[in-house]
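Keep the viewer open as you read.

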Amino acid sequence: MRDYEVLVIGAGASGLGAAIRLTQAGVESLAVLEKADSLGGTWRDNTYPGCACDVPSALYSYSFAPNPEWSRAFAGQDEIRAYLRDTAGRFGVTGRIRFGVEVTRAQWTGARWELETSDGRYTARILVAGTGPWHEPRIPDLPGLGAFPGEVFHSARWNHDYELAGKRVAVIGTGASAVQFVPEIAPEVARLHLFQRTAQWVLPKPDHAVPGLERLLLRQFPALRRALRSAEYGLMETLGYGFRHPWLLRQVQRIGLAHLRLTVRDPELRQALTPDYTLGCKRLLMSNNYYRALTRSTVDVHPTAVRAVEGSRVIGADGSSAEADAIIFGTGFHILDMPVSARVFDADGRSLDDHWQGSPQAYRGTSVAGFPNLYLLLGPSLGTGHTSAFMIMEAQLRHVVAAVLRTGSGSLEVRREAQDRFNAEVQAALPGTVYQSGGCSSYYTDVNGRNSFSWPFSTGRLRGQVGAFSESDYLVSEEESADALSHP
């Protein structure tokens, strides 16, 4: 088949969730287009040593598919990917995935979406983009990088065939990925040079193995699973309250400072690792062994950005340098300039990028004026510093399912005024949050200096507001029965 009622782009957590929920709602003419040869999205691509979730495991799952078998309080990459694979199979959507199909262009024709792909042409009346913001690695354009004679890779494209043992390794970037992989590789390399543009707040991680008895009880008693999930949700929301009241986070900073003082005895190194902004202004990091790894005699911390690469030397902005056999980037992703936005076009041939001009905007992070029957999952202005992406995505899916069923065989397009009203409300609330007032520069801010990433309210409000489908905020055309979506 090439023509569908609904096409979903991406077979990561978002795309699989969309396929499951829409199928459960009775949408049978549906397929998922996945450019890779297997599912998993972020958790398929990120296989670097130490890769794990930084949200408690009980929260990091679909509410409709709890997993009582997590082996750790914070699950690892392989376990999360296995969970996604098993859930897709259990809910019968694996067979709907078309692997090896990369979408290169999608355009609204006035009645349907026409997609150009690596597998030819597809069409759909409704398009759901589940590509997510943690997808395309960001590698800085450093002068001389192309002439570096050694190995170069990003943490999200880890080269497991390259032997790091005995090598001189330069790590550029100190975000969420580097905090996890640096402690894993530090003991085996001959020398590790860590280039740190900005010191990060790193809190102790309350991770531990989940005893077999606890897993047994969680399997046998669903009420216990719900209680654990609720407790973890409450703890994370307490932290989230601090994100909206930064003075509270300055108290939490004491934990981070104590963690640093107890681990790093060298005052010069400790000073280099001490942040000068409020905790939460950047993504919150947790690790029990990152600081310890940096105290090794074979690790050098360069508290500077990287200016260039000259031959086999990495040159810092402060003039320091390091000889390296390999460069590993832990520099994050194209969060607000997602590649999919350059591939999705309206009826006039203007892309999402053309509309956004560097500042992504959507109604409730989901629908975009001028793009009928298009839904973005984990879209702009929905990012939080504390809760699970599954919480956000499931709220959106309630909205999307209601919208799809309401569409019938016609189209829905969000009203421009509704989109503008939502974004004005978000932007008005952001200045009081730590994201804006914490005194740092982060990937939350787009090229125009606007925070297009963060949600400034509680998760409860996100679940209620984003999850609600308000028909009055949409333009409805060719209204027909929802039965038109089901094919016998």
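Start with E323: its relative accessibility is 27%, so it counts as partly exposed, since that falls between the 20% and 50% cut-offs. Keep in mind that this is a predicted model. The partner to look for is R313, whose side chain meets that of E323 in a salt bridge at 3.0 Å, N to O. R313 sits in strand β14 (residues 313-316) and E323 in strand β15, so the bridge ties together parts that are 10 residues apart in sequence. R313 is partly exposed too, because its relative accessibility comes out at 29%.

Now stay around β15 and move on to the loop between β15 (321-323) and β16 (326-329), which is where D325 lies. D325 pairs up with R168 in a salt bridge, and the closest N and O atoms are 2.9 Å apart. What does that do along the chain? R168 belongs to strand β8 (residues 168-172), so this pair ties together parts that are 157 residues apart in sequence. As for accessibility, R168 has a relative accessible area of 32% and is therefore partly exposed; D325, at 23%, counts as partly exposed as well.

R121 is partly exposed at 47% relative accessibility, and E114 is partly exposed at 35%. Counted over the structure, there are 18 salt bridges. Some share partners: E34, R44, D45 and R157 are joined into one network that way.

Charges also turn up over rings. R461 lies over the face of F457, at 3.7 Å from the ring centre. Likewise, the charged end of R2 sits over the ring of Y122, and here the distance to the centre is 4.8 Å.

That brings us to the rings themselves. How many aromatic pairs does the structure hold? The count is 22. A pair of rings is described by two things, the distance of the centres and the angle of the planes. Take Y62 and F64: their ring centres are 4.9 Å apart and their planes are at 20 degrees, so the pair is stacked. Is Y62 buried or exposed? With a relative accessibility of 1%, Y62 counts as buried. F64 is buried as well, at 16%. For another geometry, look at F469 and Y474, which form a tilted pair with 5.3 Å from centre to centre and 40 degrees between the planes. Y474 has a relative accessible area of 2%, so Y474 is buried.

Together with W43, Y60, W70, Y83, F91 and F390, they form one aromatic cluster.

Finally, have a look at a pair of helices. Helix α6 (residues 222-244) packs against helix α7 (residues 246-263) at an angle of about 120 degrees, and their axes are 5 Å apart. Which residues make the contact? On the α6 side they are L239, Y241, G242, F243 and R244, and on the α7 side P246, L248 and L249.

Key: Residues are numbered from 1 along each chain as its sequence is written. This is a predicted model: local features need pLDDT of at least 70, side-chain atom pairs count only at pLDDT 80 or more; totals for chains, interfaces and linings use all residues. Side-chain values use heavy atoms; hydrogens and water are left out. Rings of Phe, Tyr and Trp (its six-membered ring) pair if their centres lie within 6.5 Å; planes under 30 degrees apart count as stacked, over 60 as edge-to-face and the rest as tilted. Buried means under 20% relative accessible area, exposed over 50%, partly exposed in between (1.4 Å probe, protein chains only). A charge sits over a ring if NZ of Lys or CZ of Arg is within 6 Å of the ring centre and within 35 degrees of the ring normal. A salt bridge is a side-chain nitrogen of Lys or Arg within 4 Å of a carboxyl oxygen of Asp or Glu. Helices (H or I, at least four residues) and strands (E, at least two) are DSSP runs, numbered from the N terminus. Axes are lines fitted to C-alpha atoms, for helices over the stretch in contact, and angles run from 0 to 180 degrees between N-to-C directions. Contact means heavy atoms within 4.5 Å.
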